[in-house]
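Morning, everyone. Please have a look at the structure on the screen. I'll keep this brief.

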2 protein chains.
Amino acid sequence: MARPRTHDEALRLKLLDRAGELITADGAKALSLRKLAADVGTSTTAVYSLFGGKPELVGALYVEGFRRFGGRMDAVGLTGEPVEDLTRLGLAYRVSALADPHLYAIMFTRSVPGFEPNDEANDLSRATLKPLEDIVRAAVAEGVFVDVAPEVIAVGCWGVAHGLVSLEFNGNLPPEFDVATAYEAALRANASGWLA
Amino acid sequence: MARPRTHDEALRLKLLDRAGELITADGAKALSLRKLAADVGTSTTAVYSLFGGKPELVGALYVEGFRRFGGRMDAVGLTGEPVEDLTRLGLAYRVSALADPHLYAIMFTRSVPGFEPNDEANDLSRATLKPLEDIVRAAVAEGVFVDVAPEVIAVGCWGVAHGLVSLEFNGNLPPEFDVATAYEAALRANASGWLA
DNA sequence: CGGCGATTCATAACAGTGTTGCGTAGGATC
DNA sequence: GATCCTACGCAACACTGTTATGAATCGCCG
């Protein structure tokens, strides 16, 4: 039953796909190496050969999640008006989270006990800031935004988006709360707060 | 070894205390019913009598966490100027989170797999909004803030605070980032965005 | 005041988990 | 074509939360 000398890439993808499905269907708790291996037709040891362990398998899902996030952010059409553009990115952020809620959980909550993102994963997550920072930098340069380090403003905008989505997912928002409307208003008000 | 007919309140407190210590020391992953029971000098079944199971035990820690949070929020001295006061509450929010990081993890990340807050716990968490909402409501009434539902503004402010703290804990912020300064600036800018 | 029913909690077993030695099949290398 | 190396199957290990059983003892009612 040996495989080629290099890791079996097809098996790796099958494991990753199925792991994503299991998590999407029943949450992170439902991801068991035994079940995963059985579904894919291999054994748990394969996960250790290919990834190193369960945390590293989840780590692969983590980078996949940020890859998708990044893709959706890049696809947002921009106008050049900073408040509008920051609001659009924020809305896309929420749409992305709603599209892959369980991936979002892996990225931003510690829903898989042993898993801690490593340095490479953290670098990747910080890359999410890039489009935000570009917009902010231009706005500061043009004097539309106050003269504060673009990084600070960008992080602030990311914070609102992330915080509201996080509260929504946690069930911390009031019942019968019109999340979508409030979310957009909050994004816009926050961005406006940086106007010069 | 029977205990009084009513639950042994002292044992309940000892379990809760020790559980908090274990989590504070080594994170949520380190909370095992066996170790907890051994440390306290009882058996795992006591947890089932007193709480119902591990999720419910964690639920008790969840409400304890929000109780402390609420206490710290109430202790914040207010000035009557909404932007300033909202900023102060936001800073207190971060201080609270840093003071009890593992309790914070229980409250806002799903770090204990089986645990989902029940309705009562959710009501409690939403009570965190109360002081924010009072400030906002007054500011809207006085015409200092724009005429938007106070709930929406309050949730927005909570979102920034929560989001930034959450990103900080997740390691999503840039390295060598002056979190404290940026955090305060972001809170202030966000609140200012709601000025009429 | 005494006995009964109810309930807490100890003991031990169960089902499940991630992880790890061991063994082996079979491509890669010379 | 012989040899090495490695991915991976099997089975065991240590651990988890949970639960069936049973003993001890309290609150309650006559």
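What percentage of the 196 residues in chain A is buried? Buried residues make up 39%. Buried here has a cut-off: 20 or more other C-beta atoms, placed from the backbone, within 10 Å of the residue's own.

A word on the source. This is a predicted model: local features need pLDDT of at least 70, side-chain atom pairs count only at pLDDT 80 or more, and totals for chains, interfaces and linings use all residues. Residues are numbered from 1 along each chain as its sequence is written, with chains lettered from A in the order in which they are written.

Chain A first. It has ten helices and zero strands. Helices are DSSP runs of H or I, at least four residues, and strands are runs of E, at least two. The C-alpha atoms fill a box of roughly 65 × 40 × 25 Å along the principal axes.

Now the two chains together. Helix α9 of chain A, residues 150-170, packs against helix α10 of chain B, residues 179-192. The angle is about 65°, and the axes are 9 Å apart. Those axes are lines fitted to C-alpha atoms over the stretch in contact, and angles run from 0 to 180 degrees between N-to-C directions.

Who meets whom? On α9(A), the residues include A:V152, A:G156 and A:V160. On α10(B), they include B:A182, B:A186 and B:N190. Contact means C-beta atoms, placed from the backbone, within 7 Å.

Keep an eye on B:A186. Not counting residues up to four places away in sequence, B:A186 touches A:V152, A:V155, A:G156, A:G159, B:V160 and B:L164.

Technical notes
Contact = placed C-beta atoms within 7 Å. Buried ≥ 20, exposed ≤ 12 C-beta atoms within 10 Å, placed from the backbone.
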